[in-house]
Amino acid sequence: MVRIYLDYAAATPVAPEVLRTMQPYFLEKFGNPGSLHSFGQAAQAAVDRARETIARALGAQFREIIFTGSATEANNLALRGATAAGMKRVIVSAVEHESVLETARSLKKAGVEVVELPVDKDGVVKLPALGKALIAGPALISILYANNETGTIQPIAKISKMVHAAGGILHTDAVQALQFLDCRGDTLGADLMTVSGHKIYGPKGVGALYVRGKGPGSRAKNHAHPTPYSLSPIIAGGGQEFGLRSGTENVPLIVGLAAAVEYIEKDKAKYARQIAAMKEQIVRGIKKIYPRAQLNGGKNSLPHIANVWIPGVLAQDLLIQLDLAGIAVSAGSACTARSSQPSHVLRAMGLSESRAKQSIRVSLGRPTTNAEATKLLKVLSSLRRQKAGNNFPSH
Ligand code: PLP
């Protein structure tokens, strides 16, 4: 059976050219970047080059990029690092990825003041609520750039102006946004930003945190941001990554992350158009098959994610039927795929529990073809006919 993968928001395959760039660092160039001999120097040079590449893509300085073992860890470093350095308040949106939401909740248990901001029906943060939360004093605000379940894009540039005017620090999780949107720190105005390898055709188990103004001679002094801020490390050890993330640098994965960042820069606009057109085709097709189906989230969303409510069809059941037909989609984020709870993102958007449980996420990638999109619609159509034939209520 030919298998069709439509779950690129959960993980992308490693691009062959990314893999080729990584390979020597598993085999012949395996030195520890901390070692002084030539093996160590070669590894250190590779980490330096990777840092330069990522800094360039994010409009950052060399020392502003901190490599981590995942985006989850980068998000933890942003929130826990800021509070460990003295920040007393944390503001997050209700639709954050679990790595932000659960971190904020655990900080709350430890005595940090945490505010969870509501979102509107499209999943966009309610700015008046943010404005109100900012009045109470300096805070670290963490709002993801684009949602991993719905693709909804947040007005980060606007949010950053509000946050800075109130003397706060803005962190944004750009894991899903990076391959389509401009994520340069200066354009966005974010002080901290998280990226991950495996959503951009790079390896799993590697991420990075952009930390504006990290290190001596940085731009922190002349940046308009009024609040001096710092992060404390959350992992103690040998002091790698400018003291912010100890542990021997994972050279092949770091090299892979940088190669992936370069990979997604190539033909960025072409792929965004191509993928958006296929998403449109899929959503239109699903609505034809299920006339009451609706897109969850507003129009301003990433081109590759379609979160669709199909009334009367349980997402978990549909997912299994599609998988049996060789097609992989998801019922929300991969992190909570095994949970029976409805999506916290859809619930925060005011959607009912039953609607949340009847919603599937189809996410497309660079390798997705029109033929694959057509096949998905064909299979959905035949499942719908079978269901009608079985006299199941199909609404
Ligand atoms: N943030 C977002 C928006 C994500 O989609 C993901 C991936 O599921 C993560 C964070 C976590 O990334 P990682 O798997 O690198 O920890």
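**Group meeting talk: a walk through the predicted model**

Let's start with Glu241, which is buried because its relative accessible area is 4%, where buried means under 20% relative accessible area, exposed over 50% and partly exposed in between, with a 1.4 Å probe and protein chains only. Glu241 is not a glycine, yet its phi is positive, about 55°.

Quick housekeeping. This is a predicted model, so local features need pLDDT of at least 70 and side-chain atom pairs count only at pLDDT 80 or more, while totals for chains, interfaces and linings use all residues. Residues are numbered from 1 along each chain as its sequence is written, and side-chain values use heavy atoms, with hydrogens and water left out.

Back to Glu241: you'll find it in the loop between strand 8 (207-211) and helix 8. Helices here are DSSP runs of H or I with at least four residues, strands are runs of E with at least two, and both are numbered from the N terminus. Phe242 sits in that loop between strand 8 and helix 8 too, and Phe242 also has a positive phi, near 55°, without being a glycine. Is Phe242 buried or partly exposed? Phe242 counts as partly exposed, because its relative accessibility is 27%.

Both of those residues touch Ile65, whose contacts also include Arg51, Leu58 and Tyr210, leaving out residues up to four places away in sequence. Contact means heavy atoms within 4.5 Å.

That takes us to the core. Ile65 is one of the residues with the most contacts inside the largest nonpolar core, which has 95 residues; Leu58, Phe67 and Tyr145 are also among them. A nonpolar core, by the way, is a set of buried Ala, Val, Leu, Ile, Met, Phe, Trp, Tyr and Cys residues joined through side-chain atoms within 4.5 Å. Helix 8 (residues 251-265) gives this core its largest share, 11 residues. Domain 1 (4-11 + 267-387) and domain 2 (16-265) each put in at least three residues. Those domain bounds come from an automatic or database domain assignment.

How far apart are the C-alpha centres of domain 1 and domain 2? They lie 28 Å apart. The contact takes 32 residues from domain 1 and 32 residues from domain 2. Between them the domains bury about 2700 Å², with 54% of it on carbon and sulfur atoms; buried area is the accessible area (1.4 Å probe) that two parts lose on being put together, summed over both. On the domain 1 side, Lys268, Leu302 and Arg366 supply 25% of the area buried against domain 2, more than any other three residues.

Now helix 3 (residues 71-84). It is largely enclosed by the rest of the structure, because 11 of its 14 residues are buried, including Glu73, Asn75 and Asn76. Ser70 caps the N-terminal end, with a side-chain oxygen 3.4 Å from the backbone nitrogen of Thr72. Just after helix 3 comes Gly86, with a positive phi of about 120°.

Helix 4 has buried residues as well, among them Glu98, Ser99 and Leu107. Helix 3 is part of what covers them, and so are strand 3 (89-93) and helix 11 (344-348), among others. Just after helix 4, Gly111 has a positive phi of about 105°.

Last stop is Ser160, in helix 6 (residues 156-165). Ser160 counts as buried because its relative accessibility is 5%. Further along the chain, Ser160 touches Leu170, Leu188 and Gly189, not counting residues up to four places away in sequence.

Methods. Polar contact = N/O pair within 3.5 Å; in protein donor to acceptor, adjacent residues only side chain to side chain.
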